[in-house]
Amino acid sequence: MTRGRLTIISCEAGRYFGDKIFNELKNLKLKNEIRIVETKEETFANGEIKVVIDESVRGDDVYVVQCMENPHHPKSINDRLVAMFCAIDAARRAGAAFVNLVVLPYPYARQEKKKAREPITASLIANLLEHLSINSIITMDVHSDAITGFFRMTDFINLFGANTILDYIKENHNQLLDNLVVVSPDMGGAARAKYYARMLNAGLALVNKERDYSKANVIENVALIGEVKNKNVLIVDDIIDTGGTMNGVINELKKNGAKNIMVATSFAMMNGKCIDRFHELYEKKMLTLVLGTDAVYHNEKFFEIYPWYKEVSVAPLVGKVIETINLRKPISDVIGKR
Ligand code: R5P
């Protein structure tokens, strides 16, 4: 028995990804009806947001899709967050039988512990989502496993982008996989790098990154642990934000004699100086490729201007997971591995 009619509700900033998931689901040829409904989002003069779902969702298995990281969308990330909360609340109040949330980079994931007199914002978001009574949340490569424990009532489904990324690299950049070392740019990413190294039959190295925790995005020092001399290198990270981490790590690897350097990440947000930094590294031949996923939106023009950036789609993975949930089947074999 399925969970019934499957409705994708795509929030404004998540439209492109909602459409992709919907197409994947259509290709899977489910027996029951699937449809996509776009939210109507308005902003009042004082900045408050109103979200309307114009079609009935009563009794449906609903998946609200939002993209927090969409640099081409006019709303701020915090407005997108509120729009997402509003869409969930609207679906719940409209009698949906199940309300699930697809938000691949978990919002505020990097604030999952406290160092000073500050909030644990990842937990704050979890509390708000639990209060909205979502049935499940689907994220990808969540920054810290601690976040899964912030949810008590909600089925926390964390997908792994690694296999999709690995398939792409093997198919398209096989020549860079010889004599390869996988590098984690910080200690927190060691398990991820270890998985990539195992799957690629490669060596492993780590970077000890020291941050200034009193400021966001400030890296104080990077030190390499391991050997990269005359090796091709693949650096894997969950997030690239300002590119400060990658810039520091790439310089350190080059100093230590690395050959071609590739970067793979689940969330190529690339804010602030990041794009200029990468472009400069590419022009200086210090960086061969940055590989991201479509969990962060980049438009066609971006791909034309920056030949060093390539993207893989994780929509097939998300589509498969949604289908499996809707069919009430186990998802452990579908979510990917790390
Ligand atoms: C940090 O723990 C993350 O894994 C990333 O390394 C970090 O968020 C990247 O930020 P940025 O690109 O600003 O250095």
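Analyst: Let's start with a term: a nonpolar core is a set of buried Ala, Val, Leu, Ile, Met, Phe, Trp, Tyr and Cys residues joined through side-chain atoms within 4.5 Å. Buried means under 20% relative accessible area, exposed is over 50%, and partly exposed is in between (1.4 Å probe, protein chains only). The model is predicted: local features need pLDDT of at least 70 and side-chain atom pairs count only at pLDDT 80 or more, while totals for chains, interfaces and linings use all residues. Residues are numbered from 1 along each chain as its sequence is written, and side-chain values use heavy atoms, with hydrogens and water left out.

Now to the packing. The largest nonpolar core has 34 residues, and the members that touch the most others are Val64, Met84, Ile88, Leu101, Tyr106, Leu129 and Ile137. Two or more residues each come from strand 3 (49-53), strand 4 (61-65), helix 2 (77-93), strand 5 (98-102) and helix 3 (121-131). (Helices, H or I with at least four residues, and strands, E with at least two, are DSSP runs numbered from the N terminus.) Helix 2 supplies the largest share, seven residues. As a rule, nonpolar side chains in soluble globular proteins tend to be buried together.

Zoom in on Ile137. Contact means heavy atoms within 4.5 Å, and beyond its neighbours within four places in sequence, Ile137 is in contact with Leu101, Val103, Tyr106, Leu129, Phe151, Thr154, Asp155, Phe156 and Ile157. Apart from this core lies another one, of 33 residues, which includes Leu6, Leu104, Leu159 and Val321.

Leu129 leads us to helix 3, where it is buried along with Thr121, Ala122, Ser123, Ile125, Ala126 and Glu130. These buried residues pack against helix 2, strand 5 and strand 6 (136-140). After helix 3 comes Ser133, which has a positive phi, near 60°.

One last stop is the ligand. It is surrounded by 15 residues, with Asp237, Asp238, Thr242, Gly243 and Thr245 the closest; a residue counts as near if one of its heavy atoms lies within 4 Å. Thr242 has a polar side-chain atom 2.6 Å from an oxygen atom of the ligand. On its own the ligand has 380 Å² of accessible area, and the protein covers 94% of that (Shrake-Rupley method, 1.4 Å probe). Strand 11 (232-240) is one of the elements giving two or more residues to the shell, and its four residues are the largest share.

Methods: A polar contact is a pair of N or O atoms within 3.5 Å; within protein, one must be able to donate a hydrogen and the other to accept it, and residues adjacent in sequence count only if both atoms are side-chain atoms.
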